Structure formats: structure tokens, C-alpha cells
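Please open the model in a viewer and follow the selections below in order. Each stop names what to select and then states what is found there.

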Amino acid sequence: MSTLRRITEPLLSRARTFSGPLTEQLVREPGAFGLGQVPSSLAPEATTSMICGFCSTGCSLNVHLREGAATNLSPAGDYPVNIGMACPKGWEALAPLASPDRATTPLFRESRDQNFAPVDWSTAAKTFSTRMKSVIEEHGPESVAFLSTGQICTEEMALLGAFAKFGMGMIHGDGNTRQCMATAVRAYKESFGFDAPPFTYADFEESDMLVLVGSNLCIAHPIMWQRVLRNKRNPEIVVIDPRRTETAMQATRHIALQPKSDLVLFYGLANLLIQKNLLDHSFIKAHTADFEDFKTHVAAFPIDLVSEKTGISAEQLESLAELIGSGKRVSFWWTMGVNQSYEATRTAQSIINLALMTGNIGKPGTGANSITGQCNAMGSRLFSNTTNLLGGHDFTNPTDREKVASTLGFPVDRIPDQNSLAYDQIVERVKEGKIKALWIIATNPSHSWIGRKNFSEVLSKLDFLVVQDMYHTTDTAKAADLVLPAAGWGEKDGTLINSERRIGIVKKVAKAPGQALSDFLIFRLLADEWGCGAMFSEWNSPEAVFRIMQRLSKGQPCDISGINGYQQIDEQGGVQWPWPEGEASPPHRERRLFSNGKFFTKEKRAKFIFETITPDPEPPDDEYPLRLLTGRGTSAQWHTQTRTGKSGVLRRLSPRTNHIEVHPKDAAALGVNSGDIVKVSSRRSTIEILVFVTSTVMQGTVYIPMHEETTNRLTLAVFDPYSRQPSYKSCAVRIEQ
Amino acid sequence: MKLVPATSLIDDLLAEQQSLTAVERFSQFHSDATEPVQAKYYQDLIPLSRPGEGEQYAFEVDLDACSGCKACVTACHSLNGLDEGESWRDVGTLYTPEADTATQQTVTTACHHCSDPACANGCPTLAYDKDAETGIVRHLDDQCIGCQYCTLTCPYDVPKYNDRLGIVRKCDMCHGRLKEGEAPACVQACPNEAIKIRIVSVSAVSERSTPDTSLLPGTVPSSITRPTTTFLNLRQDADEEPAAADRADLTPAHRHTPLVFMLVMTQAAAGLLLFDWITRAFSFSSAPGTWHAVLGFIVCQVGLAGATFHLGRPLQGWRSFLGWRKSWLSREILVFGAWAGAFAAYLGTLWLELPQFIELAVGAGAVMAGLTGVFCSMMVYAFTKRPFWKLSHTATRFGLTTIAIGASFTFPVVAAAAIAAKLAFEYYLAAESCSPFPKSARLIKGPLGSVWLSRLGLGAIAFFCAIISIFLPILEPVTLLLMIASELFARALYFQAVEVPKMPGGIYPSHEHSATHH
């Protein structure tokens, strides 16, 4: 036998091949440019870094280039945000560009029962111009509106806002940022005097205690979680969330409060801090206003009441208050669990109040910090010319109008003296037939809008619907009269502003398919066709518009006049606002606001803002006994999945179907199991959906991720009265087999 | 006031859109870097030295550090230049389904570079190489013929078939990177430092890999392949064993249609041959004409030809003898190859009307070859250690198929008894109340319901047809066809209703590039 083996062994090994054309497909070689090994088939000739276009974390991605075009990417190794890492969406950021359903030519149809036909840009621009003008002539400037996005570059937002309002004469325009960040905007404006998130990401690393409210950081902002893990101070990590999320699992303490009891909790904690005298009296005295009234207000929230409403034991509440008032560095971080509520603004402010009363602001590892959603929601907040007049100014303030007009060299009467309607009010006016023409840019309300049983029906009331998007296949684009094909992230230049106010660069590293143009170039073309080409002659490149934005920002809290062009932003690893002229360059890489205790209100004091708690608009009852929560599914999915759904790897990392998470006890009572298909009904609609039984949701609540189109048929269209942000996080439903 | 005609502006804008200038306009960073910029983040995550004698590289995963971000999966895809949707890493979730307050942990997993790799042990072409120094189990892409047997033998669902290339590919632990002191893609990409490369002692892995241990709850006993990955910090609830989030997911496994066809046909042919020989050897009155053996031979040829459709690279199929020392698939192919020859020789003896003792001697050889081949088929599936495919059950199924179809013309009573026995056996396995394989039962009654009903219906008709053909022999060909059709459905269920052993998956996981898809 061994003789046989001696003969056969060499023969067998010779019949094995370790190389060849298939093996070569996966050969790796040193990538140069500090990359380490890369696949030989994609080895770069150069690299350049740019900011990711998905979420507001603002990670820098190192794009691998061949002949100037992107072939691959990896996270940038030494950017102050992501420190060498990226989440799956960032890794796959190039994949959505190559999708076969990209819009490659303008599409038009005379009537909605026809199919789209491709048209050239000249026809598309003329159609846009004539149809919009005829609506305005017949029904006035309030009969047209635009709905924009937090997903395009700041320069594009500025040009869109300026062209629509100053050029076309529109009054109403809002963005999908209304769905994610409006609450933080309003809360900061009222409390601090300006929409100014005060933190820098280093605060994650420098806190002794992090309080995460309504934020599943591990899944929604994985790279911010990376920063939390870099914290060497052995911090207490408190997650306040009705669900036992991935982040709650990682926390040192999970406060699983009853849904919609957050405002009670924070008023109650404030009351406890006062009772225990765990306050920073000198900070309150020197830098805040209205504390005494606040004190009286929260006295109505004794611990027993708070415990009863929130479902959190008195001991836990006391211990939490003691931690917050310990005098150590406490930072508060909130996101959509707070923002998307019917009393969101006051809830956000109740968190701000906790930071103010304990002096946890303006110092390392502190702050009342709103984590943003979209990659450029922060740019939209300052420069989209929707809620604010360009640069954080006020449409209703004549001085601001004068200032902006003279900075731009436009006649002041071009600037509307009234505020725009909010998103929900625009939708309402469309429903009422008062808004007749709508221009939707880079957002997909037919999927994402709240309580939208029949959003397409609403859109069908329009005389003219223009959708400008990368894809002609979004639910919204399918409802349009005119589709304008847009270049995407990676196919254009510009800047994005992240959660911590950091301005970063995006670059054109891929050729847009067919006739697709960047949103910036589309706006230029339409402005020219409209007849106001000369008015925007200075707005001829993204960098030129950036310079205009710098001029507009002068003297504002968001002053960026000191930045020396795109080059400096690129080389510095982004620049956080403010960076006014005259500061010694280069700016420090991590800067926070309010270190001097001076806020942006007239009195330079932060305000304690509070209000009576409002009743839940749709609590569970006998007919609809369960409370539906909605939110992010996985880190591989982005919103309505128009982009993440285009990547094979991201699809593989997402559930293949929508599902509802049900607590085991509720499931037993209903007689349903994982894998069953059930009917879920709210007062708006009924959907069919797969069950997943898990106690990550508490008894009496159910959870459905937001990424599938069906979810928002169920949600209840109520809005925070101050921020007009939709209350996605709660409505009553029932489950039937 | 327009300065230029609109058409020219459009041309300018389109030209501007198509020009890429980032390289000229922005600085090139790290152009003179001598080592990877990422090195500072991963240098503590990989060993300083190479494995010594009796050691190998292994993944070590800290389950408490993994937060489910899945960056590792995409990094593997991008940094290894894999195809659309392809990655060698996966992320799943473990949770406690019944607890009042949930525990959940996300699990990142790739190839376990087993100390006794089942992929390599089953491979008919020796397309797996366990590197002597590093212990990394490499797949030799150019050696692979795309038979996909490793996708059945690996109890962790690691090797994945690539349609474009017609081969399987899998994690190579970025061996080239490790050689240069660089971390594998997944290790580099984890923001939470949850994945490390460690050097482990092979004997320690063997010692810990007992029949009672498994990598994680719900995975197979580690004694099967002795996986080298270590998962740290598994959260154990006192009352409840964590379960995979995809535990209740009812997605049928791959059907492997050419194998369904090949198995039924080879078993049919082996059976026809067996009963042909028996009637001749014992001079039964029911001995059919030479056509019966010819029919068997045709069925055999069709079955074997059908098998090649299962290969991603059929032209490389000749390599399949290389693994005969370990691989039952290799043996199956060799034996069936020899059987085809022996069968032809038997036909020759009948054709030439040679003396009966020669006919019977050659026939006995052919019968033995055929039955040995069927036995090899049984072992091919039993080797996977999938409980649903355990030897006694597989032998029952394949054996009864051989008899039920094989006796259609010669002993209809036997055929009817065999199909009845087989139906009863399958009915027992499909009954959720008594089946030892409840998940398979749920699959059969649920998503595979129509296949199951077809199987039962055709099987019942075949049974009655066989009974009637005792008195009405003209029905025998109909019996044969019904038996074959019915057995094809049964064999499809054999493949699709099997519970695929794997690492924990996510909630209703997508099945792109997975062994469990339609």
C-alpha cells in the first residue's frame, strides 16, 4: 500500500493546479498610496478621498482611481471622523452608480396614462419652464413648490433654493430633512438662539457618561459607535429606548421606558436633580435663562408619577439622576426616537435642559447633542433657502433680507418676506388642489411620507409633477410628468456638512450615465431656460457657489468665511463651522461650541424651554391594542433603499422581506409564530407581513423597519406643532391571522 | 438675457459632466507611503510571528465587541475584488426567543479553516489545500470542477457557488496579506476590533472539538470538522439557550435538479439490472426479453449524462478521480463509470447469446458494480452528517427507489410493496407530530407542499398501477413511468427539505449567494 502511495502521491499532486485563469481573478498586489494589498484587477493609479453620501456621520472614503475614474474604495485612514473605518453603506457607495435603472435621459409624457418617452435636455428644460410659468401665471406663485433633500451637495441646495425662490419666484419649498432633523433645528434655535449642534465627535471619547436617547447608534451610525468604543474613561453608557436594540445590548444600562414617556422621564429627572441639588448653580446663573420657571414646571413630576408613566423603577430613576448629576462629564445624544414625535421639540429641549442644569455643555465629553440623519441635512439646515433664508437668516426679517440681497447682488424684492410652508402643509395644499405644480428632487415621498395610504393619488392631483432623481424607477418618479436624470454622489463636486458641523468635500470620480447631469448643472440649465441665467452668472461652479456661501455666512454663528477653498477642506480633513476670516489657520481638527458659555440668543444665554405634556394622539385601545414603532432595520439599508437596494452585498445583508417584531407573550395570545404571515391594521390601512417573535420589543408594542414601502401605509400623520416633523414612531395597530 | 444659445450651454454642461478632474485638482495623499496607513489600527489584531510546528492561524471573534455593523462583509467583498453580491463573511444574530427581556448578539463568521476540513475530505478533485504552515484551507479555483459537493459537506455553509465562473469560492484568510504582515480584509475593516487572527495549537483544537461541543448554539458538533475559530463572550441566559434569528425561517434548500435526476435514474437502472439478472439467474417465468436490459442501460446512460449538468466546468470533470482515497463522490463517479462498462459488457453477452454461465457471471459483475455505485451514492450524502440524510434513512430511500422502479416489469408485487413502504416512511418523516426532523416536516408541509402532494399522488397511482399490472401486464410501462416521476418528486424533497447546517443567520435573511435558495 505504501508503495502504491509513493507512486500515486506525486502523480496526484502534479494533477493539482494552484494557478490559472480562475485563480488569477483574485490575485492581490500591493496597492501603493498607503493602501496595503488590493485586488490586482482593481489596483489604483491614484487615490483621492471624499465624504460618504449616505448618513450624517460624514466618513471619508478613499476612492481608488484608474484613468481618473473610481474602480473601488476603502475607508480613509486618518480622517478625524471615521479613523480608518466605514460602515457597509460606505464600503458599497460606488455600487448604486452602476445600476441598470439609472435615469440616462430626460423622460416626459403628455398625460399620466401614457408611457414615458425620452426627450432631449432642450425639450425637457423648455417643458419645465413653460409648464411651471403657466401654472404661476394662472394660479400665482403659491401654486408651485419644491421638495428637496438632505442628500445633495450644499452648493446644489443653495443654487436650487436661490433659483426657485429668487429666480422663479416660489414661496414654498421644503426638504426631506423635515422628516429627520426639523426638531433638532427648532429645539436648538429656541434654546441656543441658533441651530447649532454644539459637539465634536471627540466628545464620544471624552465622556464619563453617555446617554443615548432614541438612538440605535450601532446600526444607524456604526462609525460613531466606533468612537464610543475608543473612549478610554470606562464610561457609563445609558441607552434610553423602548426596544432592546443592538446598542441597548452594548450599554452598561438600558432604560427600557414605555414608548412616548420620554418627556415625563426627562422632566422627572430634572425634578430629581433639583431635589437632590445636583446642579451646576454657577453655570445656570451665568449662562441660562428661565430656570426658576422650569423648576416650578418640573415640580409637577414627582418620582412616583414618573415611575408609573415610564415603567422605570424609582430606584433606577434615582440612580440615573445621581449619575447625571455626579459632576462628571455627561454627554446626551439623541436622534430619531426623539425627533420623530408629536411633542418632539419639547422633548429635545428637555434633554438640552438636563445638560444646561448640570453644566454639561461647552466642555470636553459633554453636550446636548443631536445626531443627524442624512449626509447633508446640516447643509440643508443652513443653505437650502427653505426654512431659513440662505445662511441661517430669516425671511421675515427685513435686515436679513437686505443683507442677503446685497451680498448676492439681487434686488431685495426678489426675496420672499414670508416663510415657506412645511412639508406636510405643502402635501396638504396639493391635496386641496391649491398647489398645482411640484418639483421633487432626490427624495422618494411615495415611499417615505407618513400615513401615506395613497400618496400617488395625492400626486395625481397635480397639473405638473417634476421628479429629479438618479433612478427613473423610484415610486415617486413613476408618478411624474417629467423626469430629470441626475448624476449621483461620486459624479459631482461639492461639500457636505456632517453632524458635528464638519464641512467635507465630495468629488467627481465617476462618469454619469448617458445624459444624466449633476443637480447643480440641471439647476444652471433650468435657470438659463427660465431667463435668469445672468442673475446666476456668478454661480457657475460648485466652488464659486461655496465662495458665495462663505460671504453669506459672515457674521453668522455659522461663519465659514475663513476657509481657503476646497483645497484647504481636503487637506485639513474637513473644517467645522464656524471658521471666520482672520482665525489663525489651520483650524484645530476637533472643535466644540459654547466653551465660553456664550450662546447665540440676544442675551447670550441658553433658555430653559418646557411645556405641558400633550396627550398621545393615538394610544393603543381595545380596537387597536398594540403600539407600532418604526425605524431602521439594518446598517446595510438606507431609507427607501433606492440606492442600497442596488448593491448585491447590501441586499444580502438586509432581510429579504418586511417583517413585524412581536413580543413572545403577545404572539402567544394571538396564536402566531415566527414565519407566519399576518394582517396588520391601523386606522389607515392593512398590510400583510411576516412575523418575527422576539422580546427585543416590549409587551404591547410591535416594530416594523421603515425600509419597505408598506410600513408607512400604517403610520399616523401627526406632526410636532413647532418643528412640523412627522411622528413616525408611534401609532396603534392590531394583528389578525 | 441669454449670451449663448441654449443648445451650446447644454453641450457645455454635458461635457463638463463627463470630465473627471479630481486627480489634477486635489493632492495625492500617501503617494510615498511605505506601509499601509491602516497598519496602526490592526497591528495588535494579528500575530507577530508565523505559526510553528503543530500550530495554525485561526479567527478569534469577540461577540461582545461585534455590534452588527457588517462592515467586515463589505470589506471582504471590496478588498478581495469579489463578484456582485459575493462575500466570504456573513453576519447573523443569536437571541433568546422566549425570554421576557431579550438577549441578542450579532455574530460575524467566515471559514473556520478547520483542522479536519469536510470540504477537502469530500472534494473529488483535491481542489482544497490545507496549507502545511498556516493551516489556512485554500480553495484551488483552477482545480475546481464546480460539482458543489463542498457546499453540502461543509456544515457551516461556507463555500459558495459562483454561477459566472462555474466554480466554488471561499475565504482564504487573505493569506497573501498575512504573509506580508497585513491583516485580512475583515480584520482591517471592523470598527470595533471584534475580529482577530490568532495562532492556535492544532492539538488543542482537536481536544476541544468533542461531539458535545459546538462553535455556537445551533451549530453542528465540532467533532465533525474541528473548526479553529474561537467565539469569545457568548452571552448565556440561565434559562434559555440562545437561538439563531433565522431558526424559524422556512426557505427550502437548493434542489440540485441534475442530481435529483441522476440519482433516480442510476438507481432505476441498477434496479432494472438487478431484477433482470435475478429473473435470468433463477429462471423466473417473468424473465423479460433483452429489451429490459437495454432499457436499463439507456436509463443508466441518461442518468449519468444528466449528472454532468451539475458540473460548473464539465470539461474538467476528468479530474474527479483524484480524490478517490477520501471522497465518496470521487468513488461514486469511478464506480458508476466502471458500471457503465460492465453493463455494456452484460448487454454484449445477451446480444451475442453467449453461454448462460458467462452471461450470469458478467451480469453479476454489472449488478455488483451498479449496487456498489448506489451504495457510494448513499455514502455521498451520509458523509455530510446531515441528520436528515443519515445513512439508515438515505439507504432506505435509495434502496427502495432501486427496488420500486427496478421491479416494475419483473416483480410488480415487490415494486408495489417497495413504493408503499417508501411512501409510509416519507409520510412518517413529514408528519410534524412524530418526525424526528420537525423543521424538514414544516418545510414539506409549507413551502414544499405542492411537491409533496405531487409525490404522494403519483406514488399512490404508481402503487395501484403496479398492483393492477400484476393482472394486466400491459400497464407495466406506465408503472415504470409513474414510479420514476413519483421518485423524482421524492428526491427533490430529499434535497429541498433537508435542514442545512450553518452558522446563525439574520432575521429573514436574503438568500443571494447562499446554499439555501430556490
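Begin with chain B as a whole: among its contacts between residues at least 6 apart in sequence, 71% join residues at least 24 apart. Two residues are in contact here if their C-beta atoms, placed from the backbone, lie within 7 Å. This is a predicted model, in which local features need pLDDT of at least 70 and side-chain atom pairs count only at pLDDT 80 or more, while totals for chains, interfaces and linings use all residues. Residues are numbered from 1 along each chain as its sequence is written, and chains are lettered from A and ligands numbered from 1 in the order in which they are written.

With chain B still selected, the C-alpha trace spans about 95 × 75 × 50 Å along its principal axes. Chain B has 18 helices and 10 strands; helices (H or I, at least four residues) and strands (E, at least two) are DSSP runs, numbered from the N terminus. Of the 518 residues of chain B, 54% are buried, that is, with 20 or more other C-beta atoms, placed from the backbone, within 10 Å of their own.

Next, select helix 15 (residues 412-430) and helix 17 (residues 449-471) of chain B. Their axes lie 8 Å apart and the packing angle is about 160°; axes are lines fitted to C-alpha atoms, for helices over the stretch in contact, and angles run from 0 to 180 degrees between N-to-C directions. Helix 15 of chain B is therefore roughly antiparallel to helix 17 of chain B, a term for angles over 145 degrees. On the side of helix 15 of chain B, the contact includes B:I419 and B:L423, and on that of helix 17 of chain B it includes B:W452 and B:F463. The contact residues divide into 15 nonpolar, two polar and no charged. Ala, Val, Leu, Ile, Met, Phe, Trp, Tyr, Cys and Pro count as nonpolar, Asp, Glu, Lys and Arg as charged, and the others, Gly among them, as polar.

Now display both chains: 79 residues of chain B are in contact with 93 residues of chain A. Helix 1 of chain B gives the largest share of the chain B side, nine residues. That side comprises 37 nonpolar, 28 polar and 14 charged residues.

Finally, select strands 23-27-24-26-25-28 of chain A, which in that order form a closed barrel of six strands with mixed pairing.

Terms used. Pairing = 2+ DSSP bridges. Buried ≥ 20, exposed ≤ 12 C-beta atoms within 10 Å, placed from the backbone. Parallel < 35°, antiparallel > 145°, perpendicular 65-115°, else oblique.
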